[in-house]
Amino acid sequence: MTESNIRGRFAPTPSGRIHLGNIFCSLLAWLHAKSANGRIVLRIEDLDSVRCPRRNADLLAHDLEWLGLYWDEGAYCGTDSDEFFQSRRSAIYEKYFHKLEQLQLVYPCFCSRAELHAAEAPHLSDGRVIYGGTCRNLTAQQRQEKLQQRAPACRIRVPDSSISFCDGHYGTCSYNLLHDSGDFIIRRSDGVYAYQLAVTVDDALMGINQVVRGCDLLSSTPVQLYLYQLLELNPPAFFHIPLLTAPDGRRLAKRDKDLDLDSLRKEYDSPEPIIGYLAFLAGQLDKPEPLAAADLIKIFDAEKIPHTDIVVPAQLPKL
């Protein structure tokens with residue numbers, strides 16, 4: 001089989017040890033690309049360099065290698081490796097930030113996190129608050145007065161219109177930008193460029209044309225498609241997959257050390273039982289059995305992946 005033009009990516013945030021949910025998403029992203037004989041790029045999303053020290057990224061790369069999820073380009077590959085760390089790409093984001101400023105869509109926001117959560121604005125099920133536009137129409141004098149009190153973040157105006165797209169797993173989706181997303185932050189008050197801008201620019205410039213990620217990011221897709229339109233960049237195809245959840249229904253999290261790879265590697269001498277169990281959860285195997293990631297390439301069928309979130313026990317079964 002000849003190499004295809006598919007370029008997928010791993011884009012982990014090294015804020016802690018990866019857990020079973022991160023591995024699940026990485027495995028399916030890898031299989032989507034590799035089953036089509038495509039390539040995988042590793043990008044380290046360490047925008048917050050304090051929360052994401054380099055040692056965490058180093059460990060993450062070693063963990064992916066141990067799992068057999070090798071990548072073809074990106075971080076830790078060749079002399080341009082540093083170009084795939086978001087913490088090194090601020091000058092690139094600044095260029096595209098200025099493009100948005102020239103469209104007169106960017107404005108300063110002085111609202112604190114506490115003020116946003118206290119506001120009578122819609123709170124979504126994932127905890128996000130839809131911004132009510134408090135700072136959208138401040139006068140020049142009001143902005144100057146607030147500048148004396150705190151540094152602002154920067155938001156981008158969104159129109160009262162809908163964006164529809166076809167997700168590769170969940171089908172047609174439609175979101176109203178104003179009512180379902182609201183004006184969103186593209187640069188934080190500390191000067192760090194925000195995720196939505198960085199990921200949009202990076203996927204476009206790195207030639208990523210296939211993004212496989214958790215369904216918790218489904219609502220980010222219309223926001224990013226809006227940025228792709230404004231910046232005249234080509235968007236990838238999106239495939240959102242179900243999340244792994246704990247028995248109590250909450251999503252697995254690094255901060256809670258839910259089945260993180262440190263505990264899993266103490267339990268298993270090799271990655272095959274972990275990969276095989278995840279393949280079973282993803283509908284690729286009829287029963288859990290030890291299997292290497294490479295062995296799944298020939299049998300991978302994206303249509304077998306469940307559409308609802310998947311509950312995993314606090315301790316994986318012995319295989």
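The following legends describe close-up views of a predicted model.

In this model, local features need pLDDT of at least 70 and side-chain atom pairs count only at pLDDT 80 or more, while totals for chains, interfaces and linings use all residues. Residues are numbered from 1 along each chain as its sequence is written, and side-chain values use heavy atoms, with hydrogens and water left out.

**View 1. Helix α1, residues 20-34.** Helices (DSSP runs of H or I, at least four residues) and strands (runs of E, at least two) are numbered from the N terminus. Because 14 of its 15 residues are buried, α1 is largely enclosed by the rest of the structure; buried means under 20% relative accessible area (1.4 Å probe, protein chains only).

**View 2. Strands β1 and β2.** Strands β1 (residues 7-10) and β2 (residues 39-42) run parallel and are joined by four bridges; pairing requires at least two DSSP bridges. F10 has L42 of β2 as its bridge partner. From β1 the chain passes through α1 to β2 in a right-handed β-α-β crossover, that is, clockwise from the first strand over the helix to the second with the strands pointing away from the viewer.

**View 3. Strands β2 and β3.** Two bridges pair β2 with β3 (residues 73-74) in the parallel sense, and V41 has E73 of β3 as its bridge partner. Together with helix α2 (residues 54-67), these strands make a right-handed β-α-β unit.

**View 4. S181 in helix α6.** S181 lies in α6, residues 177-181, and is buried, with a relative accessible area of 10%. Leaving aside residues up to four places away in sequence, S181 touches I130, Y131, N176, S219 and V223, contact meaning heavy atoms within 4.5 Å.

Terms used:
The expected span of a helix is 1.5 Å times one less than its number of residues. Buried means under 20% relative accessible area, exposed over 50%, partly exposed in between (1.4 Å probe, protein chains only).
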